[in-house]
Amino acid sequence: WARVQIETTVRNTSGTDSDLTLTTVFYDPAGKEVARKSTRQSVAKGATAKFQQLVTVERPKLWSIESPSLYKAVSLVQAAASSGPMDLDSYETPFGIRVIAFNSERGFLLNGKQVKLRGVCNHHDLGCLGAAVNTRALERQLEIMKAMGVNAIRTSHNPPAPELLDLADRMGFV
């Protein structure tokens, strides 16, 4: 089993104090629901609240470079209403479950297995295509690097595009 700690920030933009419920549902890489946690909290009007949740996933499929298994957390915010719970917002977050360690004797360990990081420093632009994000061009670039044996990426200069981070997660790059 694995325990996943979640912190979700919710802002009450309504004009009144509200009793809010945050329900987080975890789906495994095959799309099957594997865990669910609900937390209720009163949030004053205009205020921001942090919901803390600890969710246990039984027999998780671990994310690795060879098998980048991604789970999905769906967070649903509901308010109490006289007619029943009212859906206010939802958000999907992909994530991998893995154990990372680094020590002086064995180096980098991923899920208890020693991994040699073979990385590149990747500039944020796509050469002659420019700096505008083209997801397929990024994917092609990563496919070429993967074929070269690259398993780790360091970005340079500017924060990486979210599309690059998503592709790295899906394609098995550290």
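Which loop holds the place of Asn111? Select Asn111 to find out. The place of Asn111 is in the loop between β8 (107-110) and β9 (113-114). Keep in mind throughout that this is a predicted model.

**Stop 1: Asn111**

Check the backbone here. Phi of Asn111 is near 55°, a positive value in a residue other than glycine. Most residues other than glycine have a negative phi. Asn111 counts as partly exposed, because its relative accessibility is 27%, between the 20% and 50% cut-offs.

**Stop 2: Arg59**

Next, select Arg59. Arg59 sits in the loop between β4 (48-57) and β5 (71-79). Its phi is positive as well, about 45°, although Arg59 is not a glycine. Is Arg59 buried or exposed? At 72% relative accessibility, Arg59 counts as exposed.

**Stop 3: Arg11**

Move to strand β1 (residues 2-11) and pick Arg11. Arg11 is exposed, with a relative accessible area of 58%. Show its neighbours. Leaving out residues up to four places away in sequence, Arg11 touches Ala47 and Thr48. With Thr48 there is also a polar contact: the two side chains are joined at 3.5 Å. Then draw a distance from Arg11 to Asp87. These residues are 76 apart along the chain, and their C-alpha atoms are separated by 14 Å.

**Stop 4: Thr23**

Go to strand β2 (residues 18-27) and select Thr23. Thr23 counts as buried, because its relative accessibility of 8% falls under 20%. Which residues does Thr23 touch, not counting those up to four places away in sequence? They are Arg36, Lys37, Ser38, Val74, Ser75, Leu76 and Gln78. Zoom in on Ser38. The side chains of Thr23 and Ser38 make a polar contact of 2.8 Å.

**Stop 5: the helix pair**

Finish with helix α1 (residues 135-148) and helix α2 (residues 162-171). Their axes lie 10 Å apart, and the helices pack at an angle of about 40°. The crossing of α1 past α2 is right-handed.

Now show side chains on both helices. From α1, select Thr135, Leu138, Glu139, Leu142, Glu143 and Lys146. They meet Glu163, Leu164, Leu167, Ala168 and Met171 in α2. Colour this contact by class: six residues are nonpolar, one is polar and four are charged.

Terms used:
Residues are numbered from 1 along each chain as its sequence is written. This is a predicted model: local features need pLDDT of at least 70, side-chain atom pairs count only at pLDDT 80 or more; totals for chains, interfaces and linings use all residues. Side-chain values use heavy atoms; hydrogens and water are left out. Axes are lines fitted to C-alpha atoms, for helices over the stretch in contact, and angles run from 0 to 180 degrees between N-to-C directions. Helices (H or I, at least four residues) and strands (E, at least two) are DSSP runs, numbered from the N terminus. A crossing is left-handed if the near helix is turned anticlockwise from the far one by less than a right angle, and right-handed if clockwise. Contact means heavy atoms within 4.5 Å. Ala, Val, Leu, Ile, Met, Phe, Trp, Tyr, Cys and Pro count as nonpolar, Asp, Glu, Lys and Arg as charged, and the others, Gly among them, as polar. Buried means under 20% relative accessible area, exposed over 50%, partly exposed in between (1.4 Å probe, protein chains only). A polar contact is a pair of N or O atoms within 3.5 Å; within protein, one must be able to donate a hydrogen and the other to accept it, and residues adjacent in sequence count only if both atoms are side-chain atoms.
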